[in-house]
Amino acid sequence: MTSATITERSGRASPTPRPGARRPGTDHGAWFLVLPALIPILVLSVGPLLYGIALSLTDAQSGRTRATRWTGTLNFQDLLHDTLFWESFRIGLLWAGGVTVPQFVLALGLALLLNQNLRLRWAARALAIVPWAMPEVVVGIMWRLVYHPDAGVLNETLRDLGLGDGRDWLSGLATALPAVIVVGIWSGLPQTTVVLLAGLQNTPQELHEAAALDGAGAWRRFRTVTWPALRPVALAVTALQLIWNFNSFALVYVLTSGGPGGRTRLPMLFAYEEAFRYGQFGYAAAMGCVMVAVISVMLSLYLVGRLRGGAPR
């Protein structure tokens, strides 16, 4: 019996699967492949996040014999009136913006320079990423020696140039935050430079040559050719660096520990002190939840910007 006869007797044609249609049972194999990457995320990220949210709704404190009570949103209500926390939040925004913006401008200039056909360009590129290879603790210790009021390289240089006797940069109320911002810029400059350099190398050279033949100068070529091609990369690296800098802890902790007088106390440092110096785990968890919410807003703005930028016009 032929297939045509079977079709005529059944009264309808056998369904033909669409191209790319999902077959039954294929989801199980996909989940099996995703699990090795999904389990660490659930255990190390989602789990602690949920635990932190639950902890923020209690009065958990240090001490084995102290009972933990459910307090609801009391910690968040206290946090709304905590001027010290909001001052640290303001300092965190100043720190994040003060590091990210100059860092991007300097990294863009350095990436444009390293993208040129210069002699020993490979050596310059290798030296440019040296700060990136150094741990933040090592960077902090090194810059503490640079800023040392008596034997630091900076003050010795100022004395040799006749520009004064130097000062205690990390202990001065007016100089502590700018001094720490300089270290943050230096520390994160290589990462931004490498990303922007990769974006520049993906720009077709033919476009630059065509613009040069049309009589476009260096600034016009950058504005009409380089920047449009580099803008998605610039947006991504700026958003990620802004979030990373806002969450900074180790570098500022080694340099100043939040001093002097709280002038460099970032939100992460404030939460750390509340949890591990004063034992207020529930209150510190509430601070962490607020910071997670702020970071989520930053990520949402970044994603919206990417979606709008990638939408067809």
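Visitor: Where is Pro260 found?
Guide: Pro260 is in the loop between α12 (250-255) and α13 (267-277); helices are DSSP runs of H or I, at least four residues, and strands are E runs of at least two, numbered from the N terminus. This is a predicted model, where local features need pLDDT of at least 70 and side-chain atom pairs count only at pLDDT 80 or more, while totals for chains, interfaces and linings use all residues. Residues are numbered from 1 along each chain as its sequence is written, and side-chain values use heavy atoms, with hydrogens and water left out.

Visitor: Cis or trans, the peptide bond from Gly259 to Pro260?
Guide: The bond from Gly259 to Pro260 is cis, with omega near -5°.

Visitor: What about phi of Ser257?
Guide: Ser257 has phi near 55°, a positive value in a residue other than glycine. Ser257 also belongs to the loop between α12 and α13.

Visitor: Is Ser257 buried, partly exposed or exposed?
Guide: Its relative accessible area is 37%, so Ser257 is partly exposed (buried is under 20%, exposed over 50%, partly exposed in between, with a 1.4 Å probe and protein chains only).

Visitor: Other topic. How many helices and strands in the chain?
Guide: The protein chain has 14 helices and zero strands. Of its 313 residues, 33% are buried.

Visitor: How do the axes of α9 and α11 cross?
Guide: The axes of α9 (residues 176-201) and α11 (residues 218-246) come within 9 Å and cross at roughly 150°. Axes are lines fitted to C-alpha atoms, for helices over the stretch in contact, and angles run from 0 to 180 degrees between N-to-C directions. The crossing angle therefore makes α9 roughly antiparallel to α11 (over 145 degrees; under 35 is roughly parallel, 65 to 115 roughly perpendicular, the rest oblique).

Visitor: Which residues of α9 and α11 make the contact?
Guide: From α9, they include Gly188, Gln191 and Val195; from α11, Leu230, Val233 and Gln241 are among them. Contact means heavy atoms within 4.5 Å.

Visitor: And Thr100, which helix is that in?
Guide: Thr100 is in helix α4 (residues 83-114). With 5% relative accessibility, Thr100 counts as buried.

Visitor: What does Thr100 touch?
Guide: Leaving aside residues up to four places away in sequence, Thr100 touches Thr238, Gln241, Leu242 and Asn245.
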